[in-house]
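Good morning, and thank you for joining.

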Amino acid sequence: MSAWIEKRIAELSEEIRRYPAPIARCDEQLPALLEERARLVSQLERQGCSADALWANDGGFNAA
């Protein structure tokens, strides 16, 4: 299960990095992506995933 979560976090991070700008205040898609990624990161943390693994999956310095 954690492998799927890590893969999904990586996909979401990539999608967030490539999200087109400018971002309108009424945009609903970007907040949904950010919320899903935050929920999955929290889920990984509860499973005992290391901070280094979370950093790598979150894009490190290249994160959105």
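Let us start with Lys 7, which is exposed, at a relative accessible area of 54%; exposed means over 50%, buried under 20%, and partly exposed in between, with a 1.4 Å probe and protein chains only. Please bear in mind that this is a predicted model, in which local features need pLDDT of at least 70 and side-chain atom pairs count only at pLDDT 80 or more, while totals for chains, interfaces and linings use all residues. Residues are numbered from 1 along each chain as its sequence is written, and side-chain values use heavy atoms, without hydrogens or water.

Lys 7 forms a salt bridge with Glu 11, at 3.4 Å from N to O; the term requires a side-chain nitrogen of Lys or Arg within 4 Å of a carboxyl oxygen of Asp or Glu. Glu 11 is partly exposed, at 34%.

Arg 17 and Glu 14 pair at 2.9 Å, N to O, and are partly exposed, at 32% and 28% respectively. Shared partners join Lys 7, Arg 8, Glu 11 and Glu 36 into one salt-bridge network.

Finally, the largest nonpolar core has 10 residues, including Ile 5, Tyr 19 and Leu 44; such a core is a set of buried Ala, Val, Leu, Ile, Met, Phe, Trp, Tyr and Cys residues joined through side-chain atoms within 4.5 Å. Helix α2 supplies its largest share, five residues.

Definitions and conventions. Helix = DSSP H or I, 4+ residues; strand = E, 2+ residues; numbered from the N terminus.
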